[in-house]
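Here are my notes on the model you sent over, as numbered points. Have the structure open while you read.

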Amino acid sequence: MKLAPRLAPRHAIAAMVSLLCIATLLPAVARADNPIVQHIYTADPAPLVHNGRVYLYTGHDEDGSTWFTMKEWRVWSSADMVNWTDHGSPLNLATFSWAKSDAWAGQAVYRNGKFYWYVPVTSRATGRYAIGVAVSDSPTGPFRDAIGRPLVENGEIDPSVFIDDNGQAYLYWGNPNLWYLRLNADMISYSGGPTQIPLTTAGFGTRTGDPNRPTLYEEGPWVYKRNGLYYNVFAAKCCSEFIAYSTAPGPTGPWTYRGTIMPTQGSSFTNHPGVIDFNGSSYFFYHNGALPGGGGYTRSVAVEKFSYNADGGFPTINMTTTGAPQIGTLNPYVRQEAETIAWGSGIETEPSSEGGMNIGWLANGDWIKVKGVAFGAGAASFSARVASAGSGGAIELRLDSPTGTVVGNCNVPVTGGWQTWTSVSCPVNGATGTHDLYLKFTGGSGNLFNVNWWQFN
Ligand code: FUB
């Protein structure tokens, strides 16, 4: 990893995203859905499929970073791969009393009714990189430090966890080396010690120009098994990184280098893989610097759908701004969280006093897009849970673009507090079939109101 200059504050980013999106939208409906999150910078994706949803665990690059200044991790989830719910930050550096800094790339797994999240941080006591493990009963947390000390500390980063069919779990990690250990069934202790995986050029490709790093392996291993074949997908060569992979007949090797998955692209000198199968398709998560103000320390997580080659190999996967297609549609006749968003312009999120998150800092003209909303024969009314210590305003309901047909307009009163919630409703006309829904926030100046959830009736 090497340094690169950077930056733009959050509201400037929001304004730039807004302009970019409106410009993109003017000629047609074709809209970018990558990166997945627009209101903060995200990095180091680690997807987990659980009970029909994809939970996406990420890091959070601070606005204005000129280094990997990362203090917390974030969780997002989706059932359709395009509308993503913001679950906030259920894990941060303070969760680990022994950690000083560097909330970097981790991975969460499910076992025996609990979720275990393995993360690298820098130890306060030693100043070295160590791996911590947090645990929760829920995929969205809150997470607590499972053991009150590092699980393992050898000065290296980027844990990936894999549970084999026989129940044996493995932790892989490392930069500049590559290590594994055998986790016990409790997932918070291990048997034997860390074992170094030989970084041979046959196993991990050939790097030229750096005698200290003869192979392409750099960092960010993502280890899993598919159709009997073990995969290690990793960030290759620094800098800039690309994503490559190796395969093996067993979880500890021997590894064979299989080539590039994602070439060097996307304005970030790091990249980081996460691979899942979900709902019968395969998805590749990565990060880049695609947002306005984005770059090596202000990254954003994105996703592409792909199909494995017949021999189990990867195709070349390129970064796109369109991302993965939607699985099915979104039901507007059940309560939808306002922080479930395909694309947001100008919005931010915060924890809500009613649970979960709400959207806020809504200024006149800000909007969220919710993709593929199935109105069917037609909606008669719209309800929303709102709060305002500002000037209030209205929620315009528009179809297919921020300037599309208005099908409803719901007034939002001043409620006396940003977390003083009330429900509002208004009639809806012309919302039939399936459309992208835009909730556009209008009113005077400054912050108008917050929205916790919405529902059509
Ligand atoms: O996000 C900080 C570090 O950058 C990660 O640990 C690496 O994988 C690289 O993405």
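1. Where is Asp400 found? Asp400 sits in the loop between β29 (393-399) and β30 (406-412); here helices (H or I, at least four residues) and strands (E, at least two) are DSSP runs, numbered from the N terminus. Though not a glycine, Asp400 has a positive phi of about 75 degrees. Asp400 is partly exposed, with a relative accessible area of 23%. For these labels, buried means under 20% relative accessible area, exposed over 50%, and partly exposed in between (1.4 Å probe, protein chains only).

2. Some ground rules. This is a predicted model, where local features need pLDDT of at least 70 and side-chain atom pairs count only at pLDDT 80 or more, while totals for chains, interfaces and linings use all residues. Residues are numbered from 1 along each chain as its sequence is written, and side-chain values use heavy atoms, with hydrogens and water left out.

3. Other backbone spots to look at. Most residues other than glycine have a negative phi, and most peptide bonds are trans. Asn51 is not a glycine either, yet has a positive phi of about 50 degrees. Asn51 lies in the loop between β1 and β2 and, at 72% relative accessibility, counts as exposed. Then there are the cis peptide bonds: one runs from Asn175 to Pro176, with omega near 20 degrees, and another from Cys238 to Cys239, with omega near -20 degrees. Pro176 is in the loop between β12 (169-173) and β13 (179-183), while Cys239 is in the loop between β16 (229-236) and β17 (242-248).

4. The ligand. It has 13 residues around it, the closest being Asp44, Ala105, Asp158, His272 and Arg299 (a residue is near if one of its heavy atoms lies within 4 Å). The shell divides into 6 nonpolar, 3 polar and 4 charged residues. In that count Ala, Val, Leu, Ile, Met, Phe, Trp, Tyr, Cys and Pro are nonpolar, Asp, Glu, Lys and Arg are charged, and the others, Gly among them, are polar.

5. An N or O atom in the side chain of Asp44 is 2.4 Å from a ligand oxygen. For His272, a polar side-chain atom lies 3.0 Å from an oxygen atom of the ligand, and for Ala105 a backbone N or O atom lies 3.4 Å from one. Taken alone the ligand exposes 280 Å², and the protein buries 100% of that (Shrake-Rupley areas with a 1.4 Å probe; for residues, only the protein chains shown count as cover).

6. Salt bridges. The structure holds 17, each a side-chain nitrogen of Lys or Arg within 4 Å of a carboxyl oxygen of Asp or Glu. Arg299, one of the closest residues to the ligand, pairs with Asp61 at 2.8 Å, N to O. That pair links distant parts of the chain, 238 residues apart: Arg299 is in the loop between β20 (281-288) and β21 (300-306), and Asp61 is in strand β2 (residues 53-61). Arg299 is buried at 2% relative accessible area, and Asp61 is buried at 0%.

7. Another pair to check is Asp33 with Lys371, at 2.6 Å, N to O. Asp33 is in the loop between α1 (10-25) and β1 (41-50) and Lys371 is in strand β27 (residues 367-376), 338 residues apart. Both are buried. They belong to a network of salt bridges that links Asp33, Lys369, Lys371 and Asp436.

8. Strand β20. Because 8 of the 8 residues of β20 are buried, the strand is largely enclosed by the rest of the structure. Ser281, Tyr283, Phe285 and His287 point one way, and Ser282, Phe284, Tyr286 and Asn288 the other. β20 runs antiparallel to β19 (residues 274-278), with 5 bridges, and pairs with β21 in the antiparallel sense over 7 bridges; strands pair if DSSP finds at least two bridges between them. Gly274 stands opposite Phe285, and Ser282 has Phe306 as its bridge partner in β21.

Methods. A polar contact is a pair of N or O atoms within 3.5 Å; within protein, one must be able to donate a hydrogen and the other to accept it, and residues adjacent in sequence count only if both atoms are side-chain atoms.
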